[in-house]
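Good morning, and thank you for joining. Please look at the sequence and the structure as I bring them up, and I shall then speak about how two parts of the chain meet.

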Amino acid sequence: MRGIGRAWRAAAWSRAIIDTPEPPPAVSTLPAAPVAAPEATATAHPAPEDRLAGYEAPFLFTGTGAEYFRIWVVNLLLSLVTLGVYSAWAKVRKTRYFWQNTRLAGHAFDYHGRPAAILRGRILALLLFLAYSWSFEFSLNAGFATIVVLCVLAPWLLLKSAQFRLRNTSHRGLRFGFDATLADAYRVALPPLVLWLGTVGAGATIAYRQSAGVFAALIILPLLLSVLMPWIHARLKWFVHAHASYGDRMFRFEPAGKAFYKTYLKAAALAIVLGIGAFAIGTVFMSLMTIARVHETIIQLVAVGLAALTYALVLPYMSVRLQQIVWEHTQVDATDGQPVVHFGTTIRAWPLLRLVFVNVCLTLVTIGLYWPFAAVRFARYRIECMRMSSIAGIDAVTRARLTPGTSAVGDAVGDTFGFDIGL
Amino acid sequence: MTTAPITGTWFDGRSAAGNPVALAIDGTTLAATLADGEARRWALRDVTVAEGFEHAPRMLRLDDEGVIEVTAGTGDLAVALRAAGVQDGPVVRMQRHRYAAVLGLVLCIAVGIFAYDAGLPAAARVAAEHVPPEVEQRIGAQLRDHADDMFLKPSRLPAERTASLDRRFAQLAAQAAPGVTYQVVWRRMYDLHAINAFTLPGGTIVMLDGLTDVASDDALVGVFAHELGHVVHRHTLRQMFQVAGIGGAVGLVFGDASATLTTVAAMVLTVGYSRDMEREADAFAATALKASGIPVEPLAEFLATMQAREDERGQVPQFLSTHPVSSERIDALRRAAGTAASVRPVAPP
Ligand SMILES: [Zn+2]
């Protein structure tokens, strides 16, 4: 009955500014048999989470570790026995489990990805990976040719995976959509790809030809890449969030470059301060340990541990702050006079770090068996931190319509290859 | 009907506004009664019943006509569906079975152990046998060029020294592995005293100058015999396939987890394979040495020296990074030396 407590807590979270209940349940007009229905509903899941109580809609996650464990084990077994072929079906089952257990304002999401498409996508990805890992064993030129081909394909893969993911997700019987063009994908992906390819190319040339130009490229290109990183990252988020749609409602993503730069700079400053601290502590420890003739491996482990600690403190800060920024800048556009829908997340660095730490430790101690429990705990935290708000209340969602000229079941022809690459 | 009513929300696929419905399954049709009393019916065979989860609403997908989201915890849809002859799929039944978790886990572990112990090594062996020699040569040459560019330097040993050693190697190879293509190349590293030997695909055996500082000539022939064992068993190629296989299998288990977890697990698992290969190469070396009438003990002694260096200085000699030496390995070599050619008595370690 943990679900109920959680529902109440989630309900308490939502601030009731304007009380806009869902369109009339009109229970009394229902024919004889189902009259008792609302009570039955209420005992299973309390009423408040069933509507967008005024201003803010809670996200709720109802999955449990024990239930997911059984799904995970059975699907893992089938994947192993079929030499990985079943993994595409397993992927669909697992994704459905997470989506169907995610509720927004009382209604669940659904996933429609077809296993055959995912299998085709995986085979293609495997072929690309094999080409990548074997080409260098043949010759340097074959290796570079493969890298260039992969770079040319990368924006297409990016587009296809976002399309597959969104078009196969639905809520309240309406599909999400993704309408970026291939040109958009190339515009977003080309700057980092060109800079990265240039760096790799210069790095490879330096072994044969040590000219000033190559040296300059080897310094300028990575520098440019790191200076542009926040901009590149913000553009990638823009690409995914600005081209999404829900039915006929378009998502919008406000330019977030500035906020990304601020966060990256703060994270860098934090890393430097922590790094100096870790270095000072490390130097003292090293000299003490060297005097005490401690085994070299242990000294190395301590150094790696200190570095990892710095990383472990900076990374959650950055990831959390960027998630907040991304959702603060995401909106659903106003159509037919409807106000805008806003998003947010209450995710915090410290709880996230604690959760990830516990998850990793328990997964390692149980040689992987804790993994499904960890996945569920992580999903619950992430999902239940999400907020959606609109001054129109639930109307902001329920007024969405199917885009004229499209089908309610999505376009099956479009997804020959299902790519499930996370972004 | 005596059971509690089944209620849900019908989303027609055209609008996100939901219609509360009361549901009943009657014979082969699904009947929904809307709030305004309107009744809708669908043939059950046109309804895709999604897998049910403990706390999630169940989805009855109606294709073009949207979906009915059955409110979790109302009525007993599962009973009604079963009564109407709609069965859960075999996988769903497995997932829900009381002992599914335990049985699945035991089977997973069994399959995993079998695949790790026998399946993958056998598959890698077959795959390695099917790689044409030219391809293997090519891969080896590529790796050798790369190593020469990055960290290897030409040997500084006198030519007559390497030539005389190469002659001894050739005698042993002709005796123990006739017809096997191999070539020995002498190199040194930036760190002059690096002690190591390794094998590349296609039969290239790289010996480092540093070896001659520590190992006697008999021990050097022993090291060569060990590397020749790697060549004969095509270990480098097999290891490439095994690493790829382990990567894929680990990806299946933790695929939706983190990349770090996947990499660490794959690394730990491949260590086991290199240990097996070292043992196999040692066994080959012992047999080859004995067949040529060369004592095995110098090789065992050399390995013991390498191991002792690690213990004393707390610094891992490079040799050990590619050849994990264990007391067990040294003992095995000494046992092999003792049993057949009783040239010298087995010295207790
Ligand atoms: Zn070896």
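Domain 1 of chain A and domain 2 of chain A bury about 510 Å² between them in this predicted model. Of that area, 74% lies on carbon and sulfur atoms. On the side of domain 1 of chain A, the residues that lose the most area to domain 2 of chain A are A:Pro230, A:His233 and A:Ala234, which together account for 66% of what that side buries.

The domain assignment gives domain 1 of chain A as 1–25 + 112–248 + 402–413, and domain 2 of chain A as 257–314.

How many residues of each domain are in contact? Eight residues of domain 1 of chain A touch four residues of domain 2 of chain A. Sorted by class, the domain 1 side of this contact has six nonpolar residues, one polar residue and one charged residue.

I turn now to specific interactions.

Finally, I would draw your attention to one residue, A:Lys237. A:Lys237 sits in helix H8 of chain A, which spans residues 212–242. The C-alpha atom of A:Lys237 is 7.2 Å from that of A:Val326, although the two residues are 89 apart along the chain.

Methods
Residues are numbered from 1 along each chain as its sequence is written. Chains are lettered from A and ligands numbered from 1 in the order in which they are written. This is a predicted model: local features need pLDDT of at least 70, side-chain atom pairs count only at pLDDT 80 or more; totals for chains, interfaces and linings use all residues. Side-chain values use heavy atoms; hydrogens and water are left out. Domain bounds come from an automatic or database domain assignment. Contact means heavy atoms within 4.5 Å. Buried area is the accessible area (1.4 Å probe) that two parts lose on being put together, summed over both. Ala, Val, Leu, Ile, Met, Phe, Trp, Tyr, Cys and Pro count as nonpolar, Asp, Glu, Lys and Arg as charged, and the others, Gly among them, as polar. Helices (H or I, at least four residues) and strands (E, at least two) are DSSP runs, numbered from the N terminus.
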